[in-house]
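Here is a walk through the structure. Keep the sequence and the 3D view side by side as you read.

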Amino acid sequence: MSSLRYLPATTGTLVKLRERLQLVRRGKEVLEMRRDQLIKEVYNLLSEIRKREELEKELYQLYERIKEIYATIGPDNISSYARTISKPKIRVIYESLFGVRVPRVDFLNVPDFTQISHPAVYQLALELWSLMENLFKIAAKEMAVESLSNELAYINRVVNSLEKNVIPQLIEQIHYVEERIREESLSEFVRIKKVRDVIQKRRE
Amino acid sequence: MVSIMDKYTYLVIRTHGLKLRLIKRDTYIKLLGSTLDEFLNLLSNTDYSDVIERIKGRKLKASTFSKAIFSKYLQRINKLHYYAPKDLRSLIDLYALGRYEVENIKRLIRAIAFKERISENELHPVSLHFSIDELLNFLELESLISFLEEKGFEYTTRAYEIYNDNENPFIGIIECGIDADYFNMLHQYPIRNNGLRTIIDTESNLRWLYWCIIFKLKELSLSMIQDFMNVLNRNLKKNILHVAERSSLSDFLSIITHIPYYRGLEDLLGKAIREHDYALIEYALLHKLYSEAIKVMKSNFVDVSFIFAYILLCEMEMKNLDTIFIGKKVDLPSTYIQRLLYLSEQL
């Protein structure tokens with residue numbers, strides 16, 4: 001931007017500066033619109049993330065029941081029943097949400113609990129998996145909110161910089177060039193008048 | 001009867017002495033109210049002093065404690081075995097240790113069937129029909145089943161065939177077969193003593209009910225395990241299994257609990273099914289078994305059945321101590337732990 005100071009104070013420069021100001025203002029508007037969209041999306045995600053509190057409460061209650069079963073049938077039996085469960089396969093893929101890279105959890109293999117022959121362990125395993133599945137989804141949403149928040153912070157920085165720095169500088173430069181052009185045209189006018197006077201005197 | 005009395009009286013009297021060393025209800029209450037360190041100190045003042053001394057001072061894992069408690073159980077069984085007349089020794093071993101050996105087989109089968117490894121540490125240190133090393137050598141289910149077949153586990157072999165033929169194989173079929181083999185071995189003993197017959201039949205019948213409930217909960221046909229179920233429940237009419245097959249679980253439970261063997265179970269089992277609190281099923285069945293053992297003990301004071309009732313009480317004590325220790329370790333409130341224990345005023 002400062003390089004413009006050394007540009008000639010011409011109408012061409014002024015046009016160029018005005019075009020640039022227009023572009024920057026349009027860019028700022030686009031960024032503000034994007035920021036609004038992202039904020040809306042963050043709010044949507046936050047309402048889903050709020051379910052986490054409820055899930056954690058359920059998990060805590062389930063944990064108490066798991067402790068009871070663990071105390072009753074012992075760690076060796078629990079690990080023996082756990083061997084009959086097929087392992088889950090989870091894939092985390094990244095997708096674009098308004099141009100922001102956010103994670104999504106895909107459950108490729110849901111664990112099969114049907115082979116657990118102990119009814120209480122089977123029941124608890126089912127309940128635990130259902131909670132864990134939801135917690136995985138919420139964790140992905142939390143990561144999405146984090147990425148969106150980082151993007152929001154970046155957009156805010158850019159918008160602020162445009163608003164507080166770039167645009168005022170451009171306006172100042174436009175004023176400067178306009179002033180220079182006005183001064184130059186005035187001095188040109190005066191020069192022309194003086195030349196005209198000199199020519200008239202010579203003729204007389 | 002008199003001759004049987006003569007033969008086993010010495011062991012029965014010794015067992016009366018051993019029974020005095022079982023933990024009493026008021027000691028359980030003290031154990032429940034203690035911290036983990038106090039719990040171990042209190043146990044040091046009981047029959048468990050020697051096994052507790054061995055593990056005390058170390059950072060104790062639940063499995064280490066369980067193993068220590070199990071070693072006391074083995075000591076007690078060894079003592080019975082030592083004082084028992086020769087003809088009773090194998091029955092004591094089969095009854096007291098066989099159940100842990102079949103538990104080992106179940107654990108091993110669960111691991112092998114799902115391509116998992118299992119270590120010696122996860123099995124009970126019991127070698128009745130075969131050594132643990134022998135069992136751990138098997139990596140394929142088929143070879144393990146053939147080995148078991150050679151050792152006389154005929155129902156396990158049949159269960160494996162059913163498991164293989166099934167479109168949706170359920171490992172519980174094999175586990176049920178293993179139980180059938182264990183009780184079949186017990187039933188084959190020429191037991192004339194009524195008290196002892198009651199203990200074994202009660203346990204076998206309760207196991208029958210357990211598998212009925214499991215298969216009903218899994219919505220699997222009971223007819224495929226009919227042969228094993230007939231071994232587990234020799235006292236009921238054969239058509240009761242068809243009744244179980246046709247009726248809903250709650251209807252079946254209300255029918256079955258009218259039969260003397262299952263009387264008194266209706267409340268807990270009903271609650272377990274209604275509230276999906278399935279932990280209550282095992283608790284209700286074991287509670288019934290231990291209550292029956294105490295009843296037999298009281299009515300057969302100088303009888304061989306007293307010894308087998310004592311074995312059940314040793315097992316009950318082992319389960320109780322495990323539950324208290326693990327419960328304390330995972331910070332369960334003592335009121336919660338108390339609910340999980342098998343306590344009797346009559347001990």
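Start in a loop of chain A. A:Phe98 sits between strand S1 (89-97) and strand S2 (100-109) of that chain. The model is predicted, and what follows is computed from it. Look at the backbone here: phi of A:Phe98 is near 50°, a positive value in a residue other than glycine.

B:Glu219 is not a glycine, yet its phi is about 55°. Find B:Glu219 in the loop between H11 and helix H12 (226-232) of chain B. B:Glu219 counts as exposed because its relative accessibility is 72%, and the cut-off for exposed is over 50%.

Now take chain B as a whole. Its secondary structure comes to 18 helices and 0 strands. How does its radius of gyration fit the rule for a compact globule? For 347 residues the rule gives a value near 20 Å; chain B has 20 Å, so the two agree. The C-alpha trace of chain B spans about 55 × 50 × 45 Å along its principal axes. Of its 347 residues, 57% count as buried. The accessible surface of chain B is about 15,300 Å², and carbon and sulfur atoms hold 50% of that. Contacts tell the reader how the chain folds back on itself. Take those in chain B between residues at least 6 apart in sequence: 67% of them join residues at least 24 apart.

What does B:Leu32 touch, leaving out residues up to four places away in sequence? The partners are B:Ile324, B:Lys328, B:Ser334, B:Ile337, B:Gln338 and B:Leu341. B:Leu222 is another matter. It lies 190 residues from B:Leu32 along the chain, and their C-alpha atoms are separated by 41 Å.

The next stop is B:Phe147, in helix H8 (residues 141-150) of chain B. B:Phe147 is buried because its relative accessible area is 11%, and the cut-off for buried is under 20%. Apart from neighbours within four places in sequence, B:Phe147 contacts B:Phe130, B:Glu134, B:Leu135 and B:Phe138. Take B:Glu134 from that set. B:Glu134 and B:Phe147 are 13 residues apart in sequence, and C-alpha to C-alpha they are 9.7 Å apart.

Finish with the empty space. Rolling a probe the size of a water molecule over the atoms shows where such space is left. How many cavities of 30 Å³ or more are there? The count comes to 6. The largest cavity has a volume of about 1,000 Å³. Its lining has 43 residues, and those nearest its centre are A:Asn77, B:Tyr100, B:Glu103, B:Glu282 and B:Lys319. Helix H2 (51-82) of chain A gives at least two residues, as do several helices of chain B, including helix H6 (86-113), helix H16 (279-299) and helix H17 (305-329). H2(A) supplies the largest share, 8 residues. By type, the lining divides into 20 nonpolar, 8 polar and 15 charged residues.

Conventions
Residues numbered from 1 in each chain as written. Chains lettered and ligands numbered in written order. Predicted model: local features only at pLDDT ≥ 70, side-chain atom pairs only at ≥ 80, totals over all residues. Heavy atoms only, no water. 1 Å grid on protein atoms, 1.4 Å probe; cavity = no way out; pocket = protein on both sides within 12 Å on 5 of 7 lines; lining within 4 Å. Points joined across faces, edges and corners; volume = space filled by probe spheres on them. Helix = DSSP H or I, 4+ residues; strand = E, 2+ residues; numbered from the N terminus. Nonpolar A, V, L, I, M, F, W, Y, C, P; charged D, E, K, R; others polar. Rg over C-alpha atoms; globule rule 2.2 N^0.38 Å. Buried < 20%, exposed > 50% of the residue type's maximum accessible area, 1.4 Å probe, protein only. Contact = heavy atoms within 4.5 Å. Areas by Shrake-Rupley, 256 points an atom, 1.4 Å probe, with all protein chains shown as cover.
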